[in-house]
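User: I'm new to reading protein models, and I'd like a close look at one part of this one. Could you walk me through the salt bridges, and then point out a few other spots worth a visit?

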Amino acid sequence: MKQFYLTREHEIFRTSLRKFLQKEAVPYYEEWEANRIVPREFWLKLGNEGFLCPYIDEEYGGLNTDFGYSVIIIEELEKVGSSLVGVSLHNDIVVPYIDAYGKDQQKKEWLPKCISGEYITAIAMTEPGAGSDLANIKTTAIKQGDHYIVNGEKTFITNGIHSDLVIIAVKTDTSIQPAYKGISLLVVEKDTIGFSRGKKLNKVGLHSQDTAELIFQDAKVPVKNLLGEEGKGFYYLMDKLQQERLVVALEALVSSEEMVKVTTEYVKNRKAFGKSIGQFQNTQFKLVELATQIEIGRTFIERLIMEHMEGKDIVKQVSMAKWWITDLGKKVASECLQLHGGYGYMEEYEIARRFRDIQVMSIYAGTNEIMKTIIAKNMGLN
């Protein structure tokens with residue numbers, strides 16, 4: 001369907017990005033999956049071509065574009081493969097915190113390298129004992145002179161191995177009630193004393209996306225690396241989660257579109273009982289049902305993108321999109337794998353990879369159960 005917020009300039013940008021990915025990503029993607037990492041060289045190439053954080057102000061090296069350019073990057077990366085999610089996380093989830101809450105000196109120091117690909121970013125909220133319950137985080141940051149002394153562990157951190165800058169949620173006040181008022185955000189640089197990375201986690205899917213544990217043992221983080229104000233971290237996180245969840249919903253939708261596309265081609269060519277399996281009524285009905293639900297999802301997403309670009313508060317609607325579309329994606333993956341028959345269970349078929357990769361989308365950026373809780377609250381049900 002037509003994306004009304006996109007202009008001719010946007011489409012020229014899409015064409016350029018698509019050509020770039022066909023040359024620099026598609027031929028190597030399976031190799032990256034096997035090696036369990038996307039090379040840093042790819043990030044530098046993205047930066048060199050202007051595909052990292054284009055919305056940043058020109059003063060810091062960006063292009064000052066609108067969110068429509070981010071939508072294009074998210075869509076085209078997802079068409080290649082879900083393991084490129086780290087790029088979208090860097091572009092549209094992590095760096096926006098620096099852009100929105102960073103002091104001018106922080107922006108001058110960090111943003112140009114985030115745009116060039118020299119710096120890869122991550123955000124660390126989840127801990128071994130605290131996932132969706134953010135107020136229960138245990139990582140502390142105690143001010144001593146011109147440094148914070150940070151102690152704690154973070155886990156399931158996307159870009160955890162490659163990251164040069166990590167925004168971490170910490171407790172700077174452990175006594176205040178309610179507890180979320182004691183949360184602050186710090187930017188930890190890769191060579192920080194006392195900061196180390198644990199093992200690269202072995203995941204069910206997203207194989208080439210580096211995910212890691214992060215460990216802070218008396219880590220010395222300069223006070224100047226405080227992002228925004230002390231005690232405001234929870235509010236900053238809540239403010240940015242609308243865009244984060246919109247990004248995840250869009251990724252799940254594009255993955256679903258791709259799964260139906262590859263399955264439609266497969267059933268047209270796969271023969272059984274003297275004709276293509278795409279001619280069987282069951283096959284047709286399954287794909288028609290999935291295509292219809294995806295089209296409904298696309299219509300909803302397009303509306304939300306436009307309202308987000310207009311600066312509207314659409315937390316409830318984005319929460320709806322995030323849970324419904326990611327759940328739909330898992331259904332699409334299961335149905336499409338089934339239509340591939342035994343070949344769907346073979347690693348060389350794209351549907352097998354998509355089946356693995358889609359599962360986590362209903363978990364990260366807030367589980368779908370949390371999304372329903374948010375919606376219920378917005379409906380005045382609790």
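Analyst: Let's start with the count: this predicted model holds 23 salt bridges.

Now follow helix 1 to E24. Here K45 forms a salt bridge with E24, and their closest N and O atoms are 2.9 Å apart. This pair also links distant parts of the chain: K45 is in helix 3 (residues 40-48) and E24 is in helix 1, 21 residues apart. The two partners sit in unlike surroundings. K45 has a relative accessible area of 37%, so it is partly exposed, whereas E24 has 14% and is therefore buried, as that value is under the 20% cut-off.

For a pair within one helix, turn to E307 and R303. They form a salt bridge whose closest N and O atoms are 3.4 Å apart. Why are they separated by about one helical turn? Because E307 and R303 are four residues apart in helix 8. E307 has 17% relative accessibility, so it counts as buried, and R303, at 38%, counts as partly exposed.

E11, R14, R18, E75, E76, K79, E257, R298 and E302 are linked in a network of salt bridges. E302 has a relative accessible area of 3%, so it is buried. The side chain of E302 also makes a polar contact, at 2.8 Å, with the side chain of Y5.

From charged side chains, let's move to nonpolar ones. Y343, Y345 and M346 form a nonpolar patch on the surface, and together they have about 350 Å² of accessible area. Y345 is found in the loop between helix 9 (315-339) and helix 10 (350-358). Its relative accessibility is 68%, so Y345 counts as exposed.

Q177 and P178 are joined by a cis peptide bond, with omega at about -10 degrees. You can find P178 in the loop between strand 4 (165-171) and strand 5 (183-189).

C53 is not a glycine, and yet it has a positive phi of about 50 degrees. It is placed in the loop between helix 3 and helix 4. With a relative accessible area of 0%, C53 is buried. A365 also has a positive phi, near 65 degrees, and it too is a residue other than glycine. A365 lies in the loop between helix 10 and helix 11 (368-378). Its relative accessible area is 12%, so A365 is buried.

Terms used. Residues are numbered from 1 along each chain as its sequence is written. This is a predicted model: local features need pLDDT of at least 70, side-chain atom pairs count only at pLDDT 80 or more; totals for chains, interfaces and linings use all residues. Side-chain values use heavy atoms; hydrogens and water are left out. Buried means under 20% relative accessible area, exposed over 50%, partly exposed in between (1.4 Å probe, protein chains only). A polar contact is a pair of N or O atoms within 3.5 Å; within protein, one must be able to donate a hydrogen and the other to accept it, and residues adjacent in sequence count only if both atoms are side-chain atoms. Patches are made of residues with over 30% relative accessible area and no salt bridge: like charges are joined within 9 Å, nonpolar side chains (Val, Leu, Ile, Met, Phe, Trp, Tyr) within 5 Å. Accessible areas come from the Shrake-Rupley method with a 1.4 Å probe; for residues, only the protein chains shown count as cover. A salt bridge is a side-chain nitrogen of Lys or Arg within 4 Å of a carboxyl oxygen of Asp or Glu. Helices (H or I, at least four residues) and strands (E, at least two) are DSSP runs, numbered from the N terminus.
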